[in-house]
Amino acid sequence: MSNYKNTETALIHGGISIDERTGAVNVPIYQTSTYKQDGLGKMRGYEYSRTGNPTREALEALIRDLEGGYAGFAFGSGMAALTAVLSLLHSGDRVLISSNVYGGTFRLLSKVFDHFGFTYTIADTEHPDVYESQITADVKAVIIESPANPLMTVTNIKAVAEVSHRHGLLVIVDNTFMTPYLQKPLELGADIVVHSATKYLGGHSDVVSGLAVVNSKELAEKIAFIQNSTGGVLGPFDSFLLIRGIKTLAVRMDRHVENAKTVANFFSKHKAVKNIYYPGLKSDKGYETNQKQAKNGGAMISFELHENYDINTFFESLELVSLAESLGGVESLVCHPATMTHASIPADIRKKVGITDGLIRLSVGIENVEDIIADIEQAIAKSERK
């Protein structure tokens, strides 16, 4: 990244962008499981593709450069990346998490790592002073999403990182919603950044993948050991697809965000919309903080309709926008967090943090924004109870 002043250029030319052996301007798909050795201990840089693969290495170098970290790592999914990161911790350790996070993160902590005596607490990362009061002796790390999934809650990453480091905590930021094009958590003080690269980085809903970037040699050595030992690596073909997706991230995100701003303004004026959550609106409580640490508000919007609108009818009436899991692809998608992405979170906890049964999450695609709005508008009209 130091070779490129602008992220738009680094997206295309960062990391290992050319195959040194052939000069190919796209790193080839090295679809091999193992590598010939010239003698005992005489390797040509690679021995086994779980340990290292040239295509995956190019991707890992690229995300390292984009996030401005020491090293990058590619995994078979975002959850595999987070699992590797959390494997840095030990039995008896506690992790703090933002008040609303992806349901898969909650499930991983509450249903998997709890078996190993590893605990978590939901913390108020919106307010650094309150957050600090929730740090106890057994807390070793914090997981931040900003904006958080699905209520778009904004955390002051720099402030929380400063508080966390005073207490010796590892700061982990899920940057999936923003990508390194819009926000760079390591520059704000984070120690580790993770991505569900399935989303905006891939961008075309055709690859499941995860990435992690660390800010030090010590963390890099530990994650590399965990990655190789547990084996949840990303394959060469999927690594190739992800590199290809990342090359167009800037132009895609610009269109995503432009559309999202227009859709958010539409929602803010619509009589059917009771609440809207989007940090790109000046009326949003996280707007000022988000403006200081991110390029803009991103392209994820959550909203609630008034009680006289039936959300089931709304979902069934959509024609252009698809009801589906995931986000960040070129196509617009909606989901119902309470029964889809966040169903693994118990109902009482969802209610406590504000994930209501009426909440709708929208991933704004890059279609013509007039078509997106027209589809949403007709679905809202059909869902009104007469």
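Mentor: Start with residue classes. Ala, Val, Leu, Ile, Met, Phe, Trp, Tyr, Cys and Pro count as nonpolar, Asp, Glu, Lys and Arg as charged, and the others, Gly among them, as polar. Remember too that this is a predicted model.

Trainee: What makes up the lining of the second largest cavity, by class?

Mentor: That lining has 8 nonpolar, 3 polar and no charged residues. Its residues include I97, V101 and F106, along with S98, S99 and N100. Ile, Val and Phe count as nonpolar, so I97, V101 and F106 go in that class.

Trainee: Why is it called a cavity?

Mentor: A 1.4 Å probe fits there but cannot get out, so the space is a cavity. The count is 3 cavities of 30 Å³ or more.

Trainee: What about the largest cavity?

Mentor: It holds about 80 Å³ of space. Of its 13 lining residues, G14, I16, S17, I243 and K247 lie nearest the centre. α1 (7–13), α2 (54–67) and α9 (236–247) each give two or more residues to the lining. By class, there are 8 nonpolar, 4 polar and 1 charged residues. Lys counts as charged, so K247 is that charged residue.

Trainee: How do you know that rings pair?

Mentor: Their centres must lie within 6.5 Å. By this rule there are 8 aromatic pairs. Ring pairs link F266, F267, F303, F314 and F315 into a cluster.

Definitions and conventions
Residues are numbered from 1 along each chain as its sequence is written. This is a predicted model: local features need pLDDT of at least 70, side-chain atom pairs count only at pLDDT 80 or more; totals for chains, interfaces and linings use all residues. Side-chain values use heavy atoms; hydrogens and water are left out. Rings of Phe, Tyr and Trp (its six-membered ring) pair if their centres lie within 6.5 Å; planes under 30 degrees apart count as stacked, over 60 as edge-to-face and the rest as tilted. On a 1 Å grid over the protein atoms alone, a cavity is a set of points where a 1.4 Å probe fits but cannot get out, and a pocket is an open set with protein on both sides within 12 Å along at least five of seven lines; lining residues have an atom within 4 Å of a point. Grid points are joined across faces, edges and corners, and a volume is the space filled by probe spheres set on the points. Helices (H or I, at least four residues) and strands (E, at least two) are DSSP runs, numbered from the N terminus.
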